[in-house]
Amino acid sequence: MDHALGRRVTAAGATTTLMTDGNLRTGATTGLAARESFEIDLGSAQPVDRITLTEDTLNHGQAVEKLTVEAKLGGTWTKVADIGSVGVLRIQKFSSTVTAQEFRVTVVETRAPAYFSDFSLFAQLAAAPAPVLNLYVDCEATIAGIGTLDRPYNSLEQFRQAEIATEPPCISRLAPTASAPIPRSGATEPRMHRSPSPATARGIPTSWRQVPDGSFRKVGLPGLDGCTGGGTHHSGANAGHGHC
């Protein structure tokens, strides 16, 4: 479970959720020099046993050479981990679970300003999650969620990057219709919905979203960021089913 997902990060005097949206194509717009840091408030004390970090290597390259991670314990910043280089992905497990509300990451050594595109604080689940039956994406949602109806993913890139509990490991990219059901292989497969409810999403390709006039507006293509695009589509056409 990622306790940082959708939370605001404070860095270089500004706040952003672009480092915690699960989208590797977004991130901090300001680089951090040595001895500069970013902080996050989880809203309440949460157990955390590992951190993941990703630099924006596509636009700024790999720069970080050393970081420190601190948690505010008893009102005092306390170091809980040292991290070396980051690059495309760094996963650092803490020596023990740390329960805290605020965490801080400080750049100790870097070859150039460090730009981060993703940041997560994970806690190990006590048991494996149940297989996912439905997933929701709303590219107009301001905060990235966990793919549920009330907390949808807010980009198709977040959906693409997500680790989803399913048996067998297969994602159906279209919701089913009565005439074109999702093929079954003896187990339940997840369905991804573009619109606010399964009823309105049924039969509509995942690259379209229903708008107030009842039509569907193109919002992106699977595997892309998915938050732009124009045109409308009505619910009677382009029904179909996904495949693995």
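Tyr153 is buried, with a relative accessible area of 5%; buried here means under 20%, exposed over 50% and partly exposed in between, using a 1.4 Å probe and protein chains only. Keep in mind that this is a predicted model, where local features need pLDDT of at least 70 and side-chain atom pairs count only at pLDDT 80 or more, while totals for chains, interfaces and linings use all residues. Residues are numbered from 1 along each chain as its sequence is written, and side-chain values use heavy atoms, with hydrogens and water left out.

Tyr153 also turns up among the neighbours of Gln158: leaving aside residues up to four places away in sequence, Gln158 touches Leu5, Asp21, Gly22, Ala144, Gly145 and Tyr153, a contact being heavy atoms within 4.5 Å. Gln158 sits in helix α2, residues 156-161. (Helices are DSSP runs of H or I with at least four residues, strands are E runs of at least two, and both are numbered from the N terminus.) Gln158 is buried too, at 4% relative accessible area.

Now for the rings. The structure holds three aromatic pairs; rings of Phe, Tyr and Trp (its six-membered ring) pair if their centres lie within 6.5 Å, with planes under 30 degrees apart called stacked, over 60 edge-to-face and the rest tilted. Take Phe38 and Phe116: their ring centres are 5.5 Å apart and their planes at 65°, so this pair is edge-to-face. Phe38 belongs to strand β3 and Phe116 to strand β7, so the pair ties together parts that are 78 residues apart in sequence. Both Phe38 and Phe116 are buried. Tyr153 and Phe159 make a tilted aromatic pair, 6.2 Å centre to centre with 50° between the planes. Phe159 counts as buried as well, at 4% relative accessibility. Ring pairs also link Phe38, Phe116 and Phe119 into a cluster.

Next, follow strand β4, residues 64-73. Seven bridges join β4 to strand β6 (residues 90-110), and the two run antiparallel; strands pair if DSSP finds at least two bridges between them. On the other pairing, β4 meets strand β5 (residues 76-83), again antiparallel and over seven bridges. Val69 shows up in both: Val69 stands opposite Val105 in β6, and its bridge partner in β5 is Ala81. β4 and β5 form a hairpin with two residues between them, and Gly74 in the turn has a positive phi of about 60°.

That leaves the pockets. On a 1 Å grid over the protein atoms alone, a pocket is an open set of points where a 1.4 Å probe fits, with protein on both sides within 12 Å along at least five of seven lines, and lining residues have an atom within 4 Å of a point. The largest pocket is lined by 44 residues, with Met1, Asp2, Phe122, Ala162 and Glu163 nearest its centre. β3 gives the most to that lining, with five residues. About 1,400 Å³ of space lies in the largest pocket; the volume is the space filled by probe spheres set on grid points, which are joined across faces, edges and corners.

The second largest pocket holds about 160 Å³ of space. Its lining includes Leu24, Arg25, Val88 and Ser117. Helix α1 gives the most to the lining of the second largest pocket, with three residues.
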